[in-house]
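Take a walk through the model below.

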Amino acid sequence: MRNDLLPIGYAIKNEDGYSDSWSYHIIDERLIAYKHGKITNVQVQNIEKNLNTIISQFEEMKKYLLFILSESAKQR
């Protein structure tokens, strides 16, 4: 998971100044799908890419909404 070769979760490097260690977060659904041959690393990458795109689009919409609300408040 450290090298993005196992698509069942993700690894987070803990750098607390005393030692370098890793924490692993395994997602149950991914583990089950991977075990039964129903998910590949490419599929996970595509899902994550699409989620990042959606998040980015929501962030843009949030900026526009905040702008509209601020303009509306100025007109009062």
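Glu-15 counts as exposed, at 59% relative accessibility. Here buried means under 20% relative accessible area, exposed means over 50%, and partly exposed lies in between, with a 1.4 Å probe and protein chains only. Glu-15 sits in strand S1. Strands (E, at least two residues) and helices (H or I, at least four) are DSSP runs, numbered from the N terminus.

A word on the source. This is a predicted model, in which local features need pLDDT of at least 70, side-chain atom pairs count only at pLDDT 80 or more, and totals for chains, interfaces and linings use all residues. Residues are numbered from 1 along each chain as its sequence is written, and side-chain values use heavy atoms, with hydrogens and water left out.

Stay with strand S1. It covers residues 9–15, and Lys-13 is found there. Lys-13 is partly exposed, with 38% relative accessibility. What does Lys-13 touch, leaving aside its neighbours within four places in sequence? Its contacts are Asp-20, Ser-21 and Trp-22. Contact means heavy atoms within 4.5 Å.

Now look further along the chain. Lys-13 and Val-44 are 31 residues apart in sequence, and their C-alpha atoms are separated by 20 Å. Glu-15 and Glu-60 are 45 residues apart along the chain and 32 Å apart in space, C-alpha to C-alpha. Then take Asp-16 and Ala-73. They are 57 residues apart along the chain, with 45 Å between their C-alpha atoms. Ala-73 belongs to helix H2. Ala-73 counts as partly exposed, at 47% relative accessibility.

Step back to the whole fold. The chain has 2 strands and 2 helices. Along the sequence the pattern reads β-β-α-α. The radius of gyration is 20 Å, well over the 11 Å that the globule rule gives for 76 residues, so the chain is more spread out than a compact globule. That radius is taken over C-alpha atoms, and the globule rule is 2.2 Å times the number of residues to the power 0.38. The C-alpha trace spans about 60 × 40 × 20 Å along its principal axes.

How much of the chain is buried? Buried residues make up 11% of the 76 residues. The chain exposes about 6800 Å², and carbon and sulfur atoms supply 56% of that area. Accessible areas come from the Shrake-Rupley method with a 1.4 Å probe; for residues, only the protein chains shown count as cover. Among contacts between residues at least 6 apart in sequence, 21% join residues at least 24 apart.

Turn to charge. The chain carries 10 positive and 10 negative side chains, and the centres of the two sets lie 5 Å apart. Lys and Arg count as positive, Asp and Glu as negative; His and the chain ends are not counted. The place of a charge is taken as NZ of Lys, CZ of Arg, CG of Asp or CD of Glu.

Side chains of opposite charge can pair when their charged atoms come close. How many salt bridges does the structure hold? There are 3 salt bridges. A salt bridge is a side-chain nitrogen of Lys or Arg within 4 Å of a carboxyl oxygen of Asp or Glu.

Glu-48 pairs with Arg-30, their closest N and O atoms being 2.8 Å apart. This pair links distant parts of the chain: Arg-30 is in helix H1 (residues 28–35) and Glu-48 in helix H2 (residues 41–74), 18 residues apart. Arg-30 counts as buried, at 15% relative accessibility. Glu-48 is partly exposed, at 34% relative accessible area.

Next comes Lys-63 with Glu-60. Their closest N and O atoms are 3.5 Å apart. Both residues lie in helix H2, 3 residues apart, about one turn of the helix. Lys-63 is exposed, with a relative accessible area of 52%. Glu-60 is partly exposed, at 35% relative accessibility.

Finish with Glu-71 and Lys-74. This salt bridge has its closest N and O atoms 3.3 Å apart. Here too both residues lie in helix H2, 3 residues apart, about one turn of the helix. Glu-71 is partly exposed, with a relative accessible area of 28%. Lys-74 counts as exposed, at 63% relative accessibility.
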